[in-house]
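Work through the exercises below with the structure in view. Try each task before reading its solution.

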Amino acid sequence: MAKLVNRFEPTLVEQSYVFEAAKGVGVVTRQFIRNLFGRRDTPTVHYPEQRPVYPDRFRGRHRLMKRDDDQVRCVACMLCSTACPANCITIVAVEHEDTAIEKMPERFEIDLLKCIYCGFCVEACPCDAIRMDSGRHTLPAYDRKSEHIGKVDLLAIGEATIAPQGGRYRSVKEAH
Ligand code: SF4
Ligand code: SF4
C-alpha cells in the first residue's frame, strides 16, 4: 500500500534561512570546540605513526602471487583486464616454456590513477594470481608515471600461494 507523505511547507521564518544558517554555524562551532578541547572524541589517526587495523576484506594495493618456485602465478588469461570496469589493466602475454602452463605475462601493468579499487579483478581471477589484501594504500606521487605499477612492483609484495582453482585462498605459509 502506498504511504502518503505530506509535502514539506517551510514557514516564513524558515524561508528566510537566517535562523537555519545560524543553527548550522552553531553546530560547526560546537564541533570545533569539542575537537579542540576534547581530543578523546576526535577520531583522528596519526598516520603513519599510528596505523589502523584494516578489516580482512580491505582492498589495498594489488599484488601478484607466486608459485612455489617463485614464478608468477598469472597465466595471462586476461579475465581480470576484461572484468575491470576502469580498463586500467594492461597485460602482454608470452608463451611459457612449460607447455603445461602455456602463457605468462611479459608485461602486467595497473594504472592506479584509473583504478577504482572495486576488486573485480581479484574476483575474476581463476587461479588466485592477483590479490588486494596487501593492507597498503596507494602511495602519493608527484607524476602520473609513478602510479603505473608493473609486474616487478606487483610481485615484490606477492607471496607463494597454493589455492586450488575456485578454492579458498591460502598462502603457503598458512598451509604449513
Ligand atoms: S580493482 Fe577494479 S578498477 Fe582496479 S584494477 Fe581491479 S578491476 Fe580494475
Ligand atoms: S591475474 Fe588472474 S585473471 Fe588476470 S590474467 Fe592473470 S591469471 Fe588471468
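**Exercise 1.** Find which residues are closest to ligand 1.

*Solution.* Start with the shell, where near means a heavy atom within 4 Å. It holds 14 residues, and the closest are Cys84, Cys115, Cys118, Gly119 and Cys121. Next, sort the shell by class: 12 nonpolar, two polar and no charged residues. Gly counts as polar here, Cys as nonpolar.

This is a predicted model: local features need pLDDT of at least 70, side-chain atom pairs count only at pLDDT 80 or more, and totals for chains, interfaces and linings use all residues. Residues are numbered from 1 along each chain, chains are lettered from A and ligands numbered from 1 in the order written, and side-chain values use heavy atoms, without hydrogens and water.

**Exercise 2.** Decide whether Gly60 is buried or exposed.

*Solution.* First locate Gly60: the loop between α2 (18-37) and β1 (63-64). Helices (H or I, at least four residues) and strands (E, at least two) are DSSP runs, numbered from the N terminus. Gly60 has 2% relative accessibility, so it counts as buried (under 20%; exposed is over 50%, partly exposed in between; 1.4 Å probe, protein chains only). Now list contacts (heavy atoms within 4.5 Å). Beyond four places in sequence, Gly60 touches Tyr117, Met132, Ser134 and Arg136.

**Exercise 3.** Work out the strand order of the open sheet.

*Solution.* Two strands pair if DSSP finds at least two bridges between them. The order is β2-β3-β5, with antiparallel pairing. Seven bridges join β2 to β3. β2 and β5 (148-149) each have a single partner strand, so one side of each lacks a neighbour in the sheet.
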